[in-house]
Amino acid sequence: DYLPYYTAGEVVSGFGRGSKSLGCPTANLSEEVVDALPSEFETGIYYGWASLQKTIYKMVMSIGWNPFYKNDKKSMEIHLLHKFEDDFYGKELKVIVLGYIRPELNFSSVDELIKAINNDIEVADKSLDEATSVKYKEDPFLKS
Ligand code: ADP
Ligand code: MG
């Protein structure tokens, strides 16, 4: 099994698909980080912990096909379960991916998509409160 998966990288700008306008900004990680993902990493939605400037947050992550590269390459986008006053492009984000929530799905409306995102956030939030998840919050990797 490839989980938990530890990785880190700089927050880069994404393709502006309007994540923020859907109420769910996603910090995109650089191409090198995505290229290093084990090939078994299926596209879909995951949960785990992230650290940004020494603070640890719950996160929900999407691994998807990147339309920039005609869907030949994956993209990795992370939503932190926290309300930030400012953007943090260029900062380092460290993550520990702990679990899989669901595969990538096609939605017939923006409304359905928003519902799914809210549900993913709830699932991530609850899963990260379980003892098996909580122990990773103290992982030295996130604090280094
Ligand atoms: P982009 O297409 O550039 O990724 P988004 O609309 O997805 O644009 O917004 C992502 C940016 O929003 C992140 O890079 C980060 O700087 C900022 N941001 C603010 N709050 C959050 C959050 N809770 N989770 C992730 N990114 C956030
Ligand atoms: Mg994004």
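Trainee: Which strand makes the largest contribution to the lining of the second largest pocket, and with how many residues?

Mentor: Strand S5 supplies the largest share, with 4 residues. Strand S1 (5–12), strand S2 (27–29) and S5 each supply at least two residues of that lining. The model is predicted, so local features need pLDDT of at least 70 and side-chain atom pairs count only at pLDDT 80 or more, whereas totals for chains, interfaces and linings use all residues. Residues are numbered from 1 along each chain as its sequence is written, chains are lettered from A and ligands numbered from 1 in the order in which they are written, and side-chain values use heavy atoms, with hydrogens and water left out.

Trainee: What makes a space a pocket and a residue part of its lining?

Mentor: On a 1 Å grid over the protein atoms alone, a pocket is an open set of points with protein on both sides within 12 Å along at least five of seven lines, and a lining residue has an atom within 4 Å of a point. The second largest pocket has 26 lining residues, and Lys 20, Pro 25, Thr 26, Ala 27 and Asp 87 lie nearest its centre. Its volume is about 530 Å³, where a volume is the space filled by probe spheres set on the points, which are joined across faces, edges and corners.

Trainee: How does the lining of the second largest pocket divide by class?

Mentor: There are 10 nonpolar, 9 polar and 7 charged residues. Ala, Val, Leu, Ile, Met, Phe, Trp, Tyr, Cys and Pro count as nonpolar, Asp, Glu, Lys and Arg as charged, and the others, Gly among them, as polar.

Trainee: What is the volume of the largest pocket, and which residues lie nearest its centre?

Mentor: The largest pocket holds about 690 Å³, and Arg 17, Ile 45, Ser 62, Glu 77 and Leu 113 lie nearest its centre. S4 gives the most to this lining, 5 residues. By class, the lining has 13 nonpolar, 8 polar and 5 charged residues.

Trainee: What makes an atom a donor of the magnesium ion (ligand 2)?

Mentor: A donor is an N, O or S atom within 2.8 Å of the metal (3.2 Å for Na, K and Ca); water is not among the atoms, so sites may look incomplete. The protein donors of the magnesium ion are Thr 26 (O), Thr 26 (OG1) and Asn 28 (OD1), at 2.2 to 2.3 Å from it.

Trainee: Why is Asn 28 called buried?

Mentor: Buried means under 20% relative accessible area, exposed over 50%, and partly exposed in between (1.4 Å probe, protein chains only). Asn 28 has 8% relative accessibility and therefore counts as buried. Thr 26 is called partly exposed because its relative accessible area is 22%.

Trainee: Why is Ile 101 called partly exposed?

Mentor: Ile 101 counts as partly exposed because its relative accessibility is 21%. Ile 101 belongs to strand S6, in which 8 of the 11 residues are buried.

Trainee: How do you know that S1 and S6 pair?

Mentor: Two strands pair if DSSP finds at least two bridges between them. Strands are DSSP runs of E of at least two residues, and helices are runs of H or I of at least four, numbered from the N terminus. S1 and strand S6 (residues 92–102) are joined by 6 bridges and run antiparallel. In S6, Ile 96 stands opposite Tyr 6, and Val 95 stands opposite Thr 7.

Trainee: In what order do the strands of the closed barrel run?

Mentor: The closed barrel of 6 strands runs S1-S2-S5-S4-S3-S6, with antiparallel pairing.

How values were computed:
On a 1 Å grid over the protein atoms alone, a cavity is a set of points where a 1.4 Å probe fits but cannot get out, and a pocket is an open set with protein on both sides within 12 Å along at least five of seven lines; lining residues have an atom within 4 Å of a point.
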